Amino acid sequence: MEQTLLLNSFWQGVFEWLNKWDTQLFLQINTVWTNPILDNIYPWFRESNTWVPLYLFLILFVSMNFKEKAVSWLLFVVITLTLTDQLSSNLIKNLVARPRPCSDPYFMDQVRLLLNNCSGGYSFTSSHATNHFGFAMFIVLTLQPIFKKWSRLFFVWAAAISYGQVYVGVHYPLDILCGGLLGSLIGYITSKTYLHYFGSFKMSTD
């Protein structure tokens with residue numbers, strides 16, 4: 001009984017420390033590490049619609065250069081994004097039920113919200129981080145033979161968008177960190193599965 005109480009006390013202390021660290025870092029990013037340029041950029045930079053040209057480029061690039069593999073590749077992209085979105089939005093968020101910083105009645109008055117309204121739903125994990133890191137991991141591992149070292153820029157892209165979720169006031173850093181790890185894991189599994197069954201891409205040397 002005493003060991004159980006000690007263990008519970010330990011985990012409660014860990015949770016309180018994480019929550020304190022998470023809140024302090026959120027306030028630092030959201031209210032201190034700011035400037036007018038990022039204030040104008042991040043509200044649209046983090047939006048999925050902003051990156052439609054990038055998605056269209058990847059679809060056209062794969063379709064035109066790897067016709068026989070394009071359908072299977074696009075199917076696995078859809079599978080990756082479906083898994084990341086469903087696990088984050090419909091499973092983990094509902095299980096944890098953590099309020100967003102901009103909708104928490106005990107905290108929202110300290111938040112600098114840069115959007116017209118606070119995004120709906122819960123905060124943990126960030127679906128933006130899960131989706132974008134899952135997509136980035138899939139792209140890097142499947143298209144690395146084509147894009148070489150430049151493929152790693154997709155991780156920078158995913159990280160920048162995820163950081164924006166904290167900057168605009170709708171997610172805590174821990175939401176981003178765990179969402180990024182979850183998405184990366186899913187992207188790793190789906191990309192390795194794809195490569196196992198369909199092989200890697202190779203540009204023609206003809």
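Predicted model: local features only at pLDDT ≥ 70, side-chain atom pairs only at ≥ 80, totals over all residues.
**Aromatic pairs and a helix crossing**

Good morning. Phe-26 and Phe-107 are both buried.

How are the rings of Phe-26 and Phe-107 arranged as an aromatic pair? Under the ring-pairing rule, which requires centres within 6.5 Å, the count comes to 23 aromatic pairs. In the pair formed by Phe-26 and Phe-107, the centres are 5.7 Å apart and the planes stand at 55° to each other, an arrangement classed as tilted. Phe-26 belongs to helix H1, residues 2-32, whereas Phe-107 sits in the loop between helix H4 (67-96) and helix H5 (127-147), so the pair ties together parts that are 81 residues apart in sequence.

Aromatic residues also gather in a cluster. Ten names make up this one: Tyr-42, Trp-44, Phe-45, Trp-51, Tyr-55, Phe-135, Phe-154, Trp-157, Tyr-163 and Tyr-167.

Let us turn to two helices. Helix H2 covers residues 36-45 and helix H6 covers residues 153-167; their axes are 9 Å apart, and they pack at an angle of about 115°. Angles from 65 to 115 degrees count as roughly perpendicular, and H2 and H6 are therefore described in that way. The crossing of H2 past H6 is left-handed.

Which residues of H2 and H6 meet? From H2 come Leu-38, Asp-39, Tyr-42 and Phe-45; from H6 come Ala-160, Ile-161, Tyr-163, Gly-164 and Tyr-167. Of the residues in this contact, seven are nonpolar, one is polar and one is charged. Tyr-42, Phe-45, Tyr-163 and Tyr-167 take part in this contact and are also members of the aromatic cluster.

Thank you for your attention.

Terms used
Residues numbered from 1 in each chain as written. Heavy atoms only, no water. Axes fitted to C-alpha atoms, helices over the stretch in contact; angles between N-to-C directions. Helix = DSSP H or I, 4+ residues; strand = E, 2+ residues; numbered from the N terminus. Parallel < 35°, antiparallel > 145°, perpendicular 65-115°, else oblique. Left-handed = near helix turned anticlockwise from the far one by under 90°. Contact = heavy atoms within 4.5 Å. Nonpolar A, V, L, I, M, F, W, Y, C, P; charged D, E, K, R; others polar. Phe/Tyr/Trp six-rings, centres within 6.5 Å; stacked < 30°, edge-to-face > 60°. Buried < 20%, exposed > 50% of the residue type's maximum accessible area, 1.4 Å probe, protein only.
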